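Good morning. I will take a few minutes to walk through one structure, and you can follow along on the screen.

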Amino acid sequence: MKRIYNFSAGPAVLPEEVLREAAEEMLDYKGCGMSVMEMSHRSKEFESIIHEAEQDLRDLLSIPANYKVLFLQGGAHLQFSMLPLNLAKNGVADYIITGHWAKRAYTEAKKFVKANAIASSEDKTFSYIPDCSDLPISEDADYVYICENNTIYGTKFHTLPNTKGKTLVADVSSCFLSEPMDVSKYGVIYGGAQKNIGPAGVVVAIIREDLIPDEVAPTVPTMLQFKTHADNDSLYNTPPCYGIYICGKVFKWLKKQGGLAAMRTINEKKAAILYNYLDSSRMFHGTVEKASRSLMNVPFVTGDADIDAKFIKEATAAGFANLKGHRSVGGMRASIYNAMPVEGVQALVDFMTRFEAENS
């Protein structure tokens, strides 16, 4: 069986080693006679799976003891609502708009609180991260929100914003576990699993305990209260068991690679291969200002929609899948998450080089 190089932004490529392990355990998990898909979330086997996954994640990120790790559902979209419903004691939140998902989070928050857009890069099609060193932070803001890595536009906060003492909340869906991060600088970190952690259906949230309110408005549904999930160790209701199981395997795989410092080195190498080619190419051009480039998502164009379409068609036929850019921006995008090998990025650049030579 020949596997293709999958550059999808999500659901995205998973480590082949993890997939093979899961395949071996599909019918019988560690001698229990059933698949993880079939077992009770109250069983000792699954309790071991979820507790190991949490501990491995804590080890990878050196998560402080005063932070809860939650495995939730509803995608990042549901966090757009849960955050203001749980965190906004004053009813005020500040948002930095650096792309499609930050804008959606801001729009959703406006349904519940006074949400302020305090910075934006929309003036240049979200092709850069704005200067966040001296923002007009609201005096009564309950939190400041960022989408740390913008999947569609390929930008990344390489310096966290100066929140002037206010709680920082970050959607890290597409950069989570790609490099070390200081969890203590955030109040809340969350990410949809389907980009760089595991299969779709799981959201990992890391929340400082003092931010989990004992009481929220009586109209807030039970399932949308952080306390519900924190008090029950993510087992208030049936969680996405199989997804958590795969996430746990990915965490162990990351440890085996040497942890997040080692992953950062590998990811920087992969990104350099692709960005160096784009910077030297006469046909292909990156769309992001260099200082704001993401290590995970690399959008690029030729400037000719017909050539873009031809490239995508021929690349797909050659075994490079899901290179079409997001429908809102067009062009191409290569998502080079942790599980994408260096060889895959080099093979893509080799193909782009040939395509450029044949179509110049």
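This is a predicted model: local features need pLDDT of at least 70, side-chain atom pairs count only at pLDDT 80 or more; totals for chains, interfaces and linings use all residues.

Start with the helices. Two packed helices are described by the angle between their axes and the distance between the axes. Here, helix α8, residues 260-280, packs against helix α10, residues 342-359, at an angle of about 5°. Their axes are 9 Å apart. An angle under 35 degrees counts as roughly parallel, so α8 is roughly parallel to α10.

Which residues of α8 and α10 meet? On the α8 side, they are Ile266, Lys269, Lys270, Ile273, Leu274, Tyr277 and Leu278. On the α10 side, they are Val342, Val345, Gln346, Val349, Met352, Thr353 and Glu356. By type, this contact has nine nonpolar residues, two polar ones and three charged ones.

Next, a sheet that α8 also touches. It is an open sheet of three strands, in the order β11-β12-β14, with antiparallel pairing. Strand β12, residues 297-301, pairs with β14 over four bridges. Within the sheet, Pro299 stands opposite Arg333 of β14. Helix α8 packs on this sheet and touches β11, β12 and β14. The direction of α8 makes about 20° with that of β12.

Now to another strand, β10, residues 203-208. Is β10 mostly covered or mostly uncovered? It is mostly covered, with five of its six residues buried. Strand β2, residues 67-72, pairs with β10 in the antiparallel sense over six bridges, and Phe71 stands opposite Val204 in β10. Strand β9, residues 188-192, also runs antiparallel to β10, joined to it by five bridges. There, Tyr190 has Ala205 of β10 as its bridge partner.

Last, the cores. The largest nonpolar core has 89 residues. Those with the most contacts inside it are Leu61, Phe176, Ile206, Phe284 and Phe311. Helix α7, residues 241-257, gives the most to this core, with 10 residues. A second, separate core has 34 residues, including Phe80, Val113, Tyr145 and Ile212.

To finish, take Phe311 from the largest core. Setting aside neighbours within four places in sequence, Phe311 is in contact with Phe284, Phe300, Leu323, Met332, Leu348, Phe351, Met352 and Phe355. Met352 also belongs to the α10 side of the helix contact. That is all I have.

Methods. Residues are numbered from 1 along each chain as its sequence is written. Side-chain values use heavy atoms; hydrogens and water are left out. Axes are lines fitted to C-alpha atoms, for helices over the stretch in contact, and angles run from 0 to 180 degrees between N-to-C directions. Helices (H or I, at least four residues) and strands (E, at least two) are DSSP runs, numbered from the N terminus. Angles under 35 degrees count as roughly parallel, over 145 as roughly antiparallel, 65 to 115 as roughly perpendicular and the rest as oblique. Contact means heavy atoms within 4.5 Å. Ala, Val, Leu, Ile, Met, Phe, Trp, Tyr, Cys and Pro count as nonpolar, Asp, Glu, Lys and Arg as charged, and the others, Gly among them, as polar. A nonpolar core is a set of buried Ala, Val, Leu, Ile, Met, Phe, Trp, Tyr and Cys residues joined through side-chain atoms within 4.5 Å. Buried means under 20% relative accessible area, exposed over 50%, partly exposed in between (1.4 Å probe, protein chains only). Two strands pair if DSSP finds at least two bridges between them.
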